[in-house]
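Please look over the model shown here before reading on. The numbered points can be checked against it one at a time.

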Amino acid sequence: MTIAHLLEDFGIRTPVEPVSSFSEEIVEEAKLVSFEKGYTAGWDDAIEAKDKETTHVSATLATSLEDLSFTYHEAQSQLMESLDPMFKVLTSVILPDTMAATFGHHVIDHLNEMAKGQINEPMEIVAAAGEGNAIRALLGEDPTFNVRVREDANLSAGQAQLRVGKSERELNSEALIESIRDSIDAFSYQFKEDSHYG
């Protein structure tokens, strides 16, 4: 037995069918279309990746800002809560004591301000009962000021009336302290309201 049946016979010629030929233009156009599809797909993928990254960064930033805002408001609230007792001590003890200790100087300062350009006019200080001597001591023996000091039982401590010629001024340290107290209370109330309702 021979192996001839296993080998190809090159002696017989078979007709070759022609391969359909493509023109060079068709091949170039197919390449161009393929390139455009690939380029467009790559561009779309890049835009989609950028959009995802932007969305992620925006979400992270929003979360960070919310955390920061909460931390800021929380710290601000704690600060106000810790300052509230200090404000109460300030307006109920420190300011009244300071005003009482310096009230005479305050009266003299206002009198000096009112007397500018009116030295020859009569000057008068009306003080609460018991405060006249302290004011007289602050005035001293200065002959340039001819100031009459008298006491009025209707005035309370920390009140005085000043007259220079026809000008008058009333000093009321208790009203000033009450005004400061009201301002602090209003600020605290407004802060608490803003904290609750945003």
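1. Basis. This is a predicted model, in which local features need pLDDT of at least 70, side-chain atom pairs count only at pLDDT 80 or more, and totals for chains, interfaces and linings use all residues. Residues are numbered from 1 along each chain as its sequence is written, and side-chain values use heavy atoms, with hydrogens and water left out.

2. Overall layout. The protein chain has 3 helices and 4 strands (helices are DSSP runs of H or I with at least four residues, strands are runs of E with at least two, and both are numbered from the N terminus). Read from the N terminus, the order of the elements is α-β-α-β-β-β-α. Of the 198 residues in the protein chain, 19% are buried (buried is under 20% relative accessible area, exposed is over 50%, and partly exposed is in between, with a 1.4 Å probe and protein chains only). Among contacts with a separation of 6 or more, 68% join residues 24 or more positions apart (a contact means heavy atoms within 4.5 Å).

3. Nonpolar core. The largest nonpolar core holds 16 residues, and V107, L111, M123, I125, I135, V147 and L162 have the most contacts inside it (such a core is a set of buried Ala, Val, Leu, Ile, Met, Phe, Trp, Tyr and Cys residues joined through side-chain atoms within 4.5 Å). At least two residues of this core come from each of α1, β1 (123-128), β2 (147-152) and β3 (159-164). The element that gives the most is α1, with 6 residues. Not counting residues up to four places away in sequence, L162 touches V107, H110, L111, M114, E124, I125, S167, E168, R169 and L171.

4. Largest pocket. How much space lies in the largest pocket? The figure is about 220 Å³. A pocket is found on a 1 Å grid over the protein atoms alone, as an open set of points where a 1.4 Å probe fits, with protein on both sides within 12 Å along at least five of seven lines; lining residues have an atom within 4 Å of a point. Grid points are joined across faces, edges and corners, and the volume is the space filled by probe spheres set on the points.

5. Pocket lining. The lining of the largest pocket consists of 16 residues, with M99, A100, F103, E131 and G158 nearest the centre. Each of α1, α2 (132-139) and α3 (173-197) supplies at least two residues of this lining, and α1 has the largest share, 7 residues. By type the lining divides into 10 nonpolar, 4 polar and 2 charged residues (Ala, Val, Leu, Ile, Met, Phe, Trp, Tyr, Cys and Pro count as nonpolar, Asp, Glu, Lys and Arg as charged, and the others, Gly among them, as polar).

6. Aromatic pairs. Rings of Phe, Tyr and Trp (its six-membered ring) pair if their centres lie within 6.5 Å; planes under 30 degrees apart count as stacked, over 60 as edge-to-face and the rest as tilted. By this rule there are 2 aromatic pairs. F35 and Y39 are stacked, at 6.2 Å centre to centre and with 25° between the planes. These two residues are about one helical turn apart, because they lie 4 residues from each other in helix α1 (residues 24-115). F35 is exposed, at 52% relative accessible area, and Y39 is partly exposed, at 48%. Y39 and W43 are also a stacked pair, with 6.5 Å between centres and 15° between the planes. Y39 and W43 are again 4 residues apart in helix α1, about one turn of the helix. W43 is exposed, with 51% relative accessibility. F35, Y39 and W43 make up one aromatic cluster.

7. Residues in helix α3. Apart from neighbours within four places in sequence, S188 is in contact with M80 and D84. K192 also lies in helix α3 and is partly exposed, with a relative accessible area of 43%. The C-alpha atoms of K192 and M80 are 8.9 Å apart, while the two residues are 112 residues apart along the chain.

8. A loop residue. N120 is in the loop between α1 and β1. N120 is exposed, at 79% relative accessible area. Between the C-alpha atoms of N120 and V164 there are 9.3 Å, and along the chain these residues are 44 residues apart.
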